[in-house]
Amino acid sequence: MGSLAADTKGKGKEGHLDMSIMPRLPMGDAGMMKIPEELQDSVSRLVDMSVACRYLAAQCQVRQGNWTDATEMLGEANPFRHSARSGPAVPNVDGGIKVEASMCHLRGILMLKLNRGDQAKLCFIEALTLDVKCYDAFDQLVSGEMMTPDEEWEFVQGLAYREQTQDDADFVQLIYTSQLRKYKHTEEHALTRRRLVEEFGLSDNPDVLFSFADVLYTQFRWADCYVITTRILGLVSIHDSTMPLHIACMYHLNHLHSKLFILAHELVEREPENPISWYAVGVWYLASGKWPQARQYFSKTSLMDPRFGPAWIAFAHTFAMEGEHDHAVTAYSTCARMFTGSHLPLLFVGMEQIMLSNHSLADEALNAAYAACDGDPLLINELGVMAFTHGDYQRAADLFKRSLELAQVTQSSQMSWTITYLNLGTCYRKLKDYELAKTNYQHVLEIEPQHPQGLGYLAMVYHQLGEIDKAIIKYHEALSIDPINGHLIELLNLALESDLCCGSLEKVYPGGEEAFRAMMVSLKTKVLDTSKKPKVDKPGGDVAMSVG
């Protein structure tokens with residue numbers, strides 16, 4: 001670079017390079033080449049001559065945080081979209097990822113930085129359509145939950161695998177399918193995992209194992225999921241998709257809270273710049289019931305990575321668990337705007353509105369969640385709750401049955417669905433179908449024999465059927481677990497009085513009615529006296545996590 005002549009046509013017209021007056025250019029990774037102003041008109045810019053150079057220049061702008069300049073460099077839309085050399089059917093000559101697809105992906109990243117989520121989604125879809133090997137675009141769509149489960153399934157299954165990667169078409173399609181959400185297409189997902197293991201020998205591949213873990217977590221089988229996530233982290237120290245599942249399983253399994261404490265410390269010491277490290281700290285505080293501290297670390301996580309969905313959901317959970325339902329609704333609504341393809345924030349908004357008795361708003365949120373995902377049994381259960389609230393007991397019973405059928409399809413943990421069986425039994429009791437009500441209450445007790453509501457409701461059914469002796473026995477069992485439940489005591493008194501008319505009280509309680517009433521009074525007095533005693537904090541209850 002030197003004193004270039006204005007007219008550069010022909011070798012003989014080139015000016016002499018005077019090296020003595022030429023300014024030295026700074027060298028190094030961060031060096032900037034500054035051209036004298038009088039020479040800039042005669043210098044051709046590589047970004048105007050090469051698409052690849054334009055893409056690299058935009059990458060440089062991104063690294064410097066110049067989102068607007070990078071967007072101007074790339075353009076807000078794909079300029080090659082309607083050209084003859086663009087499209088899914090155009091082969092890639094060098095075997096890598098098409099530059100056009102990479103530019104669409106980078107454009108999507110910039111749209112996210114500029115808070116234009118809908119445009120970002122379209123950019124990522126275009127990038128993956130142009131080249132199925134553009135995995136980063138796929139990851140943004142799936143991990144960012146930009147599409148509903150049905151949309152992402154149809155889109156991924158319809159990509160041009162054969163046209164673009166003829167040799168690896170099946171493998172790429174199977175890998176992508178295994179990463180999709182597991183609320184629907186249960187059999188197809190199982191077949192996908194089986195083929196990856198049997199045909200490609202990927203039984204110990206972290207991504208394939210994550211697909212297994214994701215299924216188990218969706219089924220609320222936290223202990224089984226934890227076994228798989230532990231195996232994955234034994235193969236690789238950090239697996240971005242697995243860590244949130246691993247941490248969540250440790251939260252749900254009470255005996256693993258101490259291990260969660262240790263894991264959070266290790267992550268913060270080893271990778272303080274990784275958002276997942278601070279997310280683990282927040283989850284430990286959440287498990288300890290320390291909501292303000294948990295919120296602090298979830299907020300820090302979302303500041304480090306605004307697209308980290310679990311931190312936003314957990315942040316809202318802290319308000320819900322603390323009873324701050326209005327704040328929880330606001331936080332869940334923010335999450336719903338950011339992750340438009342996920343039904344979970346809308347589901348949680350509906351649940352909070354139920355707690356606030358805002359039934360019309362609850363219906364609106366739950367119906368919106370159902371439009372996004374109609375295969376989540378928990379969502380169907382909440383729709384049943386709203387139908388019950390509106391007095392439509394038959395529709396509520398149908399929804400609870402459908403929820404349980406979906407849960408059976410996913411082979412989820414029975415313990416997680418005791419409340420749904422209880423709800424279904426209550427619907428049948430309201431419909432005066434006492435035999436079906438009794439069947440569902442008995443199923444609750446098969447799963448959890450000491451379930452106080454299940455015992456109490458079964459006693460009520462026996463009472464309605466005129467089986468007073470059985471009702472009294474179940475009332476006693478329920479009161480042994482919940483001794484100061486006024487409703488049960490009153491119902492038991494009614495049962496005893498009706499049984500007294502039949503002359504069979506001595507068979508139920510030795511000493512007759514007076515002895516029973518004296519026993520209940522003494523039991524209630526004892527419980528009340530116990531509740532008035534000052535509580536003593538457990539040693540170590542206020543131990544705080546010492547993190548940077």
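**A helix pair, the cysteines and a lysine**

Helices H14 and H15 are roughly antiparallel to each other, a label given to angles over 145 degrees. This is a predicted model, in which local features need pLDDT of at least 70 and side-chain atom pairs count only at pLDDT 80 or more, while totals for chains, interfaces and linings use all residues. Residues are numbered from 1 along each chain as its sequence is written, and side-chain values use heavy atoms, with hydrogens and water left out.

H14 covers residues 257-270 and H15 residues 275-287, and the two pack at an angle of about 155 degrees with their axes 8 Å apart; helices here are DSSP runs of H or I with at least four residues, and axes are lines fitted to C-alpha atoms over the stretch in contact, with angles running from 0 to 180 degrees between N-to-C directions. On the H14 side the contact (heavy atoms within 4.5 Å) includes Leu260, Phe261 and Leu267, and on the H15 side Trp278, Val281 and Trp284 are among the residues that take part.

Turning to the cysteines, a search of the whole structure finds zero disulfides, a disulfide being a pair of cysteine sulfur atoms within 2.5 Å. The sulfur of cysteine 249 has its closest cysteine sulfur in cysteine 225, at 3.4 Å, which is too far for a bond. Cysteine 249 counts as buried at 0% relative accessibility, where buried means under 20% relative accessible area with a 1.4 Å probe and protein chains only, and cysteine 373 counts as buried at 1%.

Lysine 474 lies in helix H26, residues 468-481, and is buried, with a relative accessible area of 18%. Leaving aside residues up to four places away in sequence, lysine 474 touches Leu455, Leu458, Ala459 and Tyr462.

Key: Parallel < 35°, antiparallel > 145°, perpendicular 65-115°, else oblique. Buried < 20%, exposed > 50% of the residue type's maximum accessible area, 1.4 Å probe, protein only.
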